[in-house]
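Notebook open, model loaded. I want to go through the salt bridges, then the helices, then the cores.

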Amino acid sequence: MASEQFVKALQDQIGHEFSAHQQYVGIATYYDALTMPQMAALFYAQALEERDHAMMMVQYLLDQDQRVVIPALAAPRMDFVDVVEPVAAALEQEKRVTAQINELTRLAREDNDFASDQFMQWFIKEQVEEVAKMSDLLAVVTRSKDDYERIEDWIAREETGEGSDPTAPPIAGA
């Protein structure tokens, strides 16, 4: 059974994941309004991924016979000064989530909660990928901030999308 402090922290993390989902929708609509369909699609996909992460956590709590709590969320940021700022915000968000995931793992280990520790391993791997992806995107957008078409071309060429990961935790409702 999952430790009490891990369960509480995971319930909080569900809120962080849903908040990331909403923020990515906000970023996607910003790029959509600029007629940057590649950037918009990338961030709409990121939003769905964050929602799935939250639902994986929901399923884990259900599987552990724990109460699921969905925290209230603040509204996402919707206005940005230029095309670089949303990506910089996304990178900072991914770094924050990485720290949160690491803290969840620490709590599980501290309580000898081996099942929860194992559950968190997939998220650790995922966060390495997410930080790297946003770091690369920030470099491209910064370099090409005055050439939207160049950014769009890079996304179309480099963003291949992710296939299904058979090692991912199950998603509640899927």
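Entry 1: I started at glutamate 159, which counts as partly exposed at 29% relative accessibility (buried is under 20% relative accessible area, exposed over 50%, partly exposed in between, with a 1.4 Å probe and protein chains only). Its side chain meets that of lysine 133 in a salt bridge, 3.2 Å from N to O. This pair links distant parts of the chain, with lysine 133 in helix α4 and glutamate 159 in the segment after α5, 26 residues apart. Lysine 133 is buried, with a relative accessible area of 16%. A salt bridge here is a side-chain nitrogen of Lys or Arg within 4 Å of a carboxyl oxygen of Asp or Glu.

**Entry 2: ground rules.** I noted that this is a predicted model, where local features need pLDDT of at least 70 and side-chain atom pairs count only at pLDDT 80 or more, while totals for chains, interfaces and linings use all residues. Residues are numbered from 1 along each chain as its sequence is written, and side-chain values use heavy atoms, with hydrogens and water left out.

Entry 3: How many salt bridges does the structure hold? I have 11. One of them joins the side chains of arginine 157 and glutamate 158 at 3.1 Å, N to O. Arginine 157 is exposed at 54% relative accessibility, and glutamate 158 is partly exposed at 41%. I also looked up glutamate 103 and arginine 106, which meet at 2.6 Å, N to O. They are separated by about one helical turn, because they sit 3 residues apart in helix α3. Glutamate 103 is partly exposed at 36%, and so is arginine 106 at 38%. A network of salt bridges links Glu103, Arg106 and Glu110.

Entry 4: I took helices as DSSP runs (H or I, at least four residues; strands are E, at least two), numbered from the N terminus. Does the length of α3 agree or disagree with what its 27 residues should span? It agrees: at 1.5 Å a residue I expect 39 Å, and the end C-alpha atoms are 39 Å apart. The expected span is 1.5 Å times one less than the number of residues. Helix α1 (residues 4–33) reaches 44 Å with its 30 residues, close to the 44 Å expected. After α3 comes asparagine 112, with a positive phi near 55 degrees; after α1 comes threonine 35, whose phi is also positive, near 55 degrees.

**Entry 5: threonine 105.** Is threonine 105 buried or exposed? It is buried, at 5% relative accessibility. This residue lies in helix α3 (residues 84–110). Beyond its neighbours within four places in sequence, threonine 105 is in contact with Asp117, Met120, Gln121 and Ile124 (contact means heavy atoms within 4.5 Å).

**Entry 6: the cores.** A nonpolar core is a set of buried Ala, Val, Leu, Ile, Met, Phe, Trp, Tyr and Cys residues joined through side-chain atoms within 4.5 Å. The largest has 26 residues, and Tyr31, Met39, Phe43 and Leu137 have the most contacts inside it. α1, α2 (37–63), α3, α4 (114–143) and α5 each give two or more residues to this core, and α4 gives the most, with 6. I checked methionine 39: its contacts, leaving aside neighbours within four places, include Val87, Val141 and Ile151. A second, separate core has 24 residues, among them Leu10, Ile14, Met56 and Phe119.
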